[in-house]
Amino acid sequence: MGSLEEEACLLEDANTEGSSKESLHGKSSAINTSSPLRKKSDLTLVSRVRCPMLRHFLANLQEVILGTKLSVVLPVIPLAFVAQYYGFGRSWVFALSLLGVSALAERISFLTEQIAYYIGPTVGGLVNATCGNAPELIIAIFALSQNKLDMVKYSLLGSVLSNMLLVLGTSLFCGGIANLRKGQKFNRKQAEVNCLLLLLALLCHSLPLLFGMRGRPAVVTAEPTLQLSRASSIVMLIAYLSYLVFQLFTHRQYFEAEEEQEDEEDGESEEAAVIGFWSAIMWLVGLTVLVSLLSEYLVETIEDASNSWGISLRFNSMILLPVVGNAPEHAGAIIFAFKDKLDISLGVALGSATQISMFVVPLCVVVSWTMGINMDLNFNLLETGSLALSIVAVAFTLQDGNSHYLKGLILILLYIVIGACFFVSKSPLNQVNLTDSATKGAIGTIFRA
């Protein structure tokens, strides 16, 4: 009971307390992704409740449910369950579940931020890195359990492309328009590290594809490609763990120095935690369960929704699912760019793309390995080529440490072209794979000649 009363007092005094320097270090740029979408809660009425446990619960409920500008979207979550239970149209279940996952992703980000206040900068950064793309990972695991390997590959690849091109491009464009006269600069060291990791991910994705195009394709089987993909996945996970050590221990100044300097110049103080540690843990577990249920609905209904809307499953998986599912995170990056905090926008866009390509994708390969499912890193010729050109375009865009709106516009247009390419692709995924296999055989024949 005493701990509950202490947390209630913390909630009541949250708006007036400042944060320590450790709290500032405990919040990386990635943890700040959705802060512009949050709003301060008025706890005046809640503080009048006499029962400490009830006051504590109501205060937490107000912070978690009403402490965001996306609270108007949260009612779609029970509507998704109602639509599934009463057998409404499958496309309605898909749309409601997608909006629900989008809103819950922002709330999970908020809860990981609260946890970071209590467990310190290092462990807090690890928690944020683990939970940052939890919805994508949960959706992928459910799709793997139903052996929908193409959906897993295309949804994860779509998340990488949307973060690199759409989110980063819109941030650069909006930031360039808002700061048209003075221009914008960013920390080039952070961008170089992320681009280097993305190039490593591209190599690991390209080798299984090129492996199938080598000479004598008649004797090529899926087993060597699968073994190469699993070995590459282990290498990528090791590289990502090294990246976490680099970011959180040895070279933290690459990722936090610019943000801290801006806060000191502006005289801004970070807010203290507004939820107790164990309360944040329980809410995080509860919201993760909701995300899991909605993710299961998404996986089950995406094909029916694609047929109902006349949109290819490829487009739904690569474009619609990542864009809507990560909308709160995307909005936060754009708002920070408007405020001339481009380093945070880069941390959101490139950090998320790096996390998916270097952690979520290889983890899915390893998880499928333990489940007895043969998932490899061969994302087919068109998808891998789109990824390669996108990474090259982003690397050239960020090479000089300066930004203007034209750079952002080019990235946005590149994403539109890629989206149009997958929109006109109306063939089912299995037919696409057959076409790609034929293409690989033809290329292999050319190589032999």
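Two residues are said to be in contact, or to touch or pack together, when they have heavy atoms within 4.5 Å. The structure described here is a predicted model, in which local features need pLDDT of at least 70 and side-chain atom pairs count only at pLDDT 80 or more, while totals for chains, interfaces and linings use all residues. Residues are numbered from 1 along each chain as its sequence is written, and side-chain values use heavy atoms, with hydrogens and water left out.

The overall picture comes before the details. The secondary structure of the chain comprises 19 helices and two strands; helices (H or I, at least four residues) and strands (E, at least two) are DSSP runs, numbered from the N terminus. Of the 449 residues in the chain, 53% are buried. Here, buried means under 20% relative accessible area, exposed means over 50%, and partly exposed lies in between (1.4 Å probe, protein chains only). The accessible surface of the chain is about 19400 Å², and 65% of this belongs to carbon and sulfur atoms. These areas come from the Shrake-Rupley method with a 1.4 Å probe, and for residues only the protein chains shown count as cover. Among contacts between residues at least 6 apart in sequence, 85% join residues at least 24 apart.

The arc is that of the directions from the helix axis to the C-beta atoms. Just after α5 comes glycine 87, with a positive phi of about 70 degrees.

Buried in α18 are Lys407, Gly408, Leu411, Ile412, Tyr415, Ile418, Gly419 and Phe422. Down the axis of α18, the buried residues fall within an arc of 135 degrees, so they line one face of the helix. Exposed residues Ile416 and Val417 sit on the face of α18 turned away from its buried side. The partners that the buried residues of α18 pack against are α9 (149–178), α14 (313–325), α17 (381–397) and β2 (402–403).

What lies in the nonpolar interior? A nonpolar core is a set of buried Ala, Val, Leu, Ile, Met, Phe, Trp, Tyr and Cys residues joined through side-chain atoms within 4.5 Å. The largest nonpolar core has 97 residues, of which Leu111, Met164, Leu168, Cys364, Val394 and Leu398 touch the most other members. Leaving aside neighbours within four places in sequence, methionine 164 is in contact with residues including Leu198, Ala353, Val394 and Leu411. In soluble globular proteins, nonpolar side chains tend to be buried together.

Isoleucine 356, in helix α16 (residues 342–370), is buried with a relative accessible area of 0%. Not counting residues up to four places away in sequence, arginine 230 touches Val365, Trp369, Ile373 and Asn374.

Phenylalanine 186 lies in the loop between β1 (184–185) and α10 (188–211) and is buried at 8% relative accessible area. Histidine 251, in the loop between α11 and α12 (253–266), is partly exposed at 25% relative accessibility.

Cysteine 195 is buried at 10% relative accessibility, and cysteine 204 is buried at 5%. A search of the whole structure finds zero disulfides, a disulfide being a pair of cysteine sulfur atoms within 2.5 Å.
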